[in-house]
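Thanks for coming. I'll talk through one structure, starting with a strand pairing and ending with a pair of helices.

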Amino acid sequence: MMMFKNPQKLVVQIARKIIDLEWRILLLILLPLSLIVFLSLSTTSSLSSLSFFTNSTTTRNNSSWTHPYVNYVETLKNNRDERLKAELDRSRIAVCLVGGARRFELTGESIIEKVLKAYPSSDLFLHSPVDHNSYKLSILKDAPRIAAVKIFKQEKVPETESQVRVLTAANSPNGIQGLLQYFNLVEGCLTMINSYQAQYNFTYDWIVRTRVDGYWSAPLSPDNFIKGRYVIPPGSSYGGLNDRFGVGDFKSSVIALSRLSLIPQLNSSGYYQLNSEGSFKAQLTTNNIPFSFKRLPFCIVTDRRYDFPPSRFGVPVAALSSHGPLSGAKCRPCTAVCSGPCVGNVMSGLYKGWSWTEWANNTMDLCDASGEWEIGWQRLFDNTAGKKLAAVRKRVEVLKVKDCVANFENMKRRAAIWEAPPPSKICELGLTMKS
């Protein structure tokens, strides 16, 4: 048997090591154990009040009550969003708004409330072709900040060999020329942003690109701003990437918005016969711009007619009243003809890489968009959009030329860059046609 000079000292050292080890083990046990105890207590409390719970379904049911742990996670998310929002409020953000003003009396105020006022220090850049609906753009007098406005006469974009080779006329209502006009709208907004930056000697941190015909049902969330990545909605990809919205830092946005000038590069890389979405994906991938998908609370209000039910490569049209988020799917105010299990039956028949969009958990109801908008759509819109947006719609409905001109003059005074026909011309073009 081995003998030690000081057995008492050895015993003390061994005891200390055991205590040390026990504390480490205890800490490892206590952390998960505390969560288990918390959950157990919550569950016990819930079970002990089961009779009350079942007898009071009108005041406390599965849809209105959440577990305390879920509330804790939600609190963490809200705190994170608040930090992101505070950081974005200190950033320079350009909001690039493009397209024709077809139904802007329905979409305009939602863009002001859910995008522009969500980031009140952001600068608005409007790039829109002039037509008989352009007077509706005077709604933007309520935008917090206006940097630049260009309302221009649309002219034919010359078609080059590389454009004809890279792009396809298939599924484009106006052929390749329609694509070029759209690309010109998008890249023209980037040109405006660059001019403004040069004039004031700074660079934007972020660019948000959205469409004039987008109806927003909820605010643009701060978690859509991701450094080094371009954020786009899922679905409606048509073989490429959904190009109905995008947000990114300045570097990635320059690539995403250069719809015309990057076509020669795509041609050199061997791309051909691409639609808008395919061209958009090729722009990002060939320039090594990583992208992320985020579901977004907006839809594209459309007057176009689509077969119902849609075929495998058809286009579903969502009811504007859908819970969403619709991520840029086509929509209109309608009495839904298909909801619940019906939506699953229709959407599961669509090719997922084409016009499909997320529909699960009752997020979408469908319209029969094979005909004109139904009689009484105004009431349906007002009930869905709420009093403020309904009031704007009604105001535009009875807008007078002098009030329209005053609105545009207000916008012109606030904008650093203004390129547009005289306000009287814009207003008379649409409002005299109405009367």
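Start with C96, which stands opposite F125 in strand β2. Before going further, note that this is a predicted model.

That pairing belongs to a longer run. Strand β1, residues 93–98, and strand β2, residues 123–129, are parallel and joined by five bridges. Strand β1 also pairs with strand β4, residues 206–211, again in the parallel sense, this time over six bridges.

How many of the residues of β1 are buried? Six of six, so the strand is mostly covered. The cover is on both faces: I93, V95 and L97 are buried on one side, and A94, C96 and V98 are buried on the other.

Now to D123, which is found in strand β2. Is D123 buried or exposed? Its relative accessibility is 4%, and buried means under 20%, so D123 counts as buried. What is D123 in contact with, leaving aside its neighbours within four places in sequence? The list is I93, A94, V95, R145, A147, Y196 and Y204. Take A94 from that list: A94 and D123 are 29 residues apart along the chain, and their C-alpha atoms are separated by 4.9 Å.

Next, the helices. Two packed helices are described by the angle between their axes and the distance between the axes. For helix α6, residues 175–200, and helix α7, residues 250–257, the axes come within 9 Å and cross at roughly 140°. The cut-off for roughly antiparallel is over 145 degrees, so α6 and α7 count as oblique to each other. Which residues make the contact? From α6 they are V186, E187, L190, N194 and Q197. From α7 they are F250, V254 and L257. Sorted by class, that contact has five nonpolar residues, two polar and one charged.

Last, the chain as a whole. The protein chain has 435 residues, and 47% of them count as buried. It contains 14 helices and 12 strands. Of the contacts with a separation of 6 or more, 76% are between residues 24 or more positions apart. The accessible surface comes to about 22,300 Å², with 56% of that belonging to carbon and sulfur atoms.

That is the end of my part.

Terms used:
Residues numbered from 1 in each chain as written. Predicted model: local features only at pLDDT ≥ 70, side-chain atom pairs only at ≥ 80, totals over all residues. Heavy atoms only, no water. Helix = DSSP H or I, 4+ residues; strand = E, 2+ residues; numbered from the N terminus. Buried < 20%, exposed > 50% of the residue type's maximum accessible area, 1.4 Å probe, protein only. Contact = heavy atoms within 4.5 Å. Areas by Shrake-Rupley, 256 points an atom, 1.4 Å probe, with all protein chains shown as cover. Axes fitted to C-alpha atoms, helices over the stretch in contact; angles between N-to-C directions. Parallel < 35°, antiparallel > 145°, perpendicular 65-115°, else oblique. Nonpolar A, V, L, I, M, F, W, Y, C, P; charged D, E, K, R; others polar. Pairing = 2+ DSSP bridges.
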